[in-house]
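Colleague: I would like to go through this one slowly with you. Please start with the charged side chains and explain the terms as we go.

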Amino acid sequence: MVNPKPSCRPTISYRPIQPSDLEILEQIHADLFPIRYEAEFFQNVVNGHDIVSWAAVDRSRPNGQSDELIGFVTARIVLAKESEIGDLLSYEPSKSDQTLIYILTLGVVESFRNLGIASALIREVIKYASSIPTCRGIYLHVISYNNAAIHLYKKMSFMCVRRLQGFYLINGQHYDSYLFVYYVNGGRSPCSPLELVTGTLNLMRNGLKSVFARLRKKEDRKVSKWGKCKETHCLISTTQSRRNLTTECTGYECV
């Protein structure tokens, strides 16, 4: 069992998940998540089949438990062009080898929470992703009511980029999901803050130029309709009616 609280300050270390972790890994997933994972998923995790993973263990635990899982994170490498956040990533389509890391599951047993273990596991994923030259980011889903996880990812500088309506179906009920992204190795959103400011300024400048050009053109036309009095050299209107000058304002939105 992994529930009893540690009697002293734990000595946490991190290592890859291995086949001997299978039983405890299944148990912790069942305890922590409302979603049930298939046996194939756990086999892929412990054997490293298309999944990378890290385990947290407490080396100070007695009775042969010093290498027993108390926390974990599992993740998968996916091609950026085939991911669901392709529209949220600025990359060259010609570079087909660019990748992302998708975090599948992250958990810490209750008695070992608030010790920074989850943050450390996320840092392991960030370090791993940063070591892959073709990797541009890390992304994941969080169920909308998991406030602790939402706070954790925001604290770790993940960006909440999308809310997905009815993403999860649990016990016959739909729940929304938040999509979080953390960019690495120069990866970024298509519209970075600098680009957003620059683009807005350019649009404003071009819009003002267009308005002034219209005003100048209409004023030129207006002057041409006036006749010049030879005696007084004053301008006299050749038309009895005056037109109201109106301009159209076009709005721009960057999402």
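Colleague: How many salt bridges turn up in a search of the whole structure?
Modeller: The search finds six, where a salt bridge is a side-chain nitrogen of Lys or Arg within 4 Å of a carboxyl oxygen of Asp or Glu. This is a predicted model, in which local features need pLDDT of at least 70 and side-chain atom pairs count only at pLDDT 80 or more, while totals for chains, interfaces and linings use all residues. Residues are numbered from 1 along each chain as its sequence is written, and side-chain values use heavy atoms, with hydrogens and water left out.

Colleague: Which residue does Asp-21 pair with?
Modeller: Asp-21 forms a salt bridge with Arg-15, and their closest N and O atoms are 2.9 Å apart.

Colleague: Are those two, Asp-21 and Arg-15, buried or exposed?
Modeller: Both Asp-21 and Arg-15 are buried; buried means under 20% relative accessible area, exposed means over 50%, and partly exposed is in between, using a 1.4 Å probe and protein chains only.

Colleague: And what about Asp-67, which residue is its partner?
Modeller: Asp-67 pairs with Arg-59, with 2.8 Å between the closest N and O atoms. Asp-67 counts as partly exposed because its relative accessibility is 29%, and Arg-59 counts as partly exposed because its value is 40%.

Colleague: How far apart are the closest N and O atoms of Arg-163 and Asp-176?
Modeller: In the salt bridge between Arg-163 and Asp-176 those atoms are 3.0 Å apart. The pair links distant parts of the chain, since Arg-163 is in strand β6 (residues 159-170) and Asp-176 is in strand β7 (residues 173-183), 13 residues apart. Helices (H or I, at least four residues) and strands (E, at least two) are DSSP runs, numbered from the N terminus. Arg-163 is partly exposed because its relative accessible area is 43%, whereas Asp-176 is buried because its relative accessible area is 15%.

Colleague: Which residues do salt bridges with shared partners join into one network?
Modeller: That network is made of Arg-15, Asp-21, Arg-59 and Asp-67.

Colleague: Changing topic, how many helices and strands does the chain have?
Modeller: The chain has five helices and nine strands, and from the N terminus on its elements run β-α-α-β-β-β-α-β-α-β-β-α-β-β. Of its 255 residues, 36% count as buried.

Colleague: Which residues are buried in helix α2?
Modeller: In α2, which covers residues 39-47, the buried residues are Phe-41, Phe-42, Asn-44, Val-45 and Val-46. What covers the buried residues of α2 includes α1 (22-32), β2 (52-58), β3 (69-79) and β4 (99-108). After α2 comes Gly-48, which has a positive phi, near 65°.

Colleague: At what angle do α1 and α2 pack?
Modeller: They pack at about 130° with their axes 10 Å apart, where axes are lines fitted to C-alpha atoms, for helices over the stretch in contact, and angles run from 0 to 180 degrees between N-to-C directions. That angle is why α1 is oblique to α2; under 35 degrees counts as roughly parallel, over 145 as roughly antiparallel, 65 to 115 as roughly perpendicular and the rest as oblique. The contact, meaning heavy atoms within 4.5 Å, is made by Leu-22, Leu-25, Glu-26 and His-29 of α1 and by Phe-41, Phe-42, Gln-43, Val-45 and Val-46 of α2.

Colleague: And how do the axes of α3 and α4 cross?
Modeller: The axes of α3 (residues 117-130) and α4 (residues 147-155) come within 11 Å and cross at roughly 50°, and α3 and α4 are therefore oblique to each other. There, Ala-118, Ser-119 and Ile-122 of α3 meet Leu-152, Tyr-153 and Lys-155 of α4.

Colleague: Back to the loops, where does Arg-36 lie?
Modeller: Arg-36 lies in the loop between α1 and α2, and it counts as exposed because its relative accessibility is 57%. Leaving out residues up to four places away in sequence, Arg-36 touches His-29 and Ala-30. Arg-36 and Ile-170 are 134 residues apart in sequence, while their C-alpha atoms are 9.7 Å apart in space.

Colleague: What about Asp-50, what is its phi?
Modeller: Phi of Asp-50 is near 65°, a positive value in a residue other than glycine. Asp-50 is placed in the loop between α2 and β2, and it is exposed because its relative accessible area is 66%.

Colleague: And where is Asn-171?
Modeller: Asn-171 lies in the loop between β6 and β7, with a positive phi near 50°, again in a residue other than glycine. Asn-171 is exposed because its relative accessible area is 79%.
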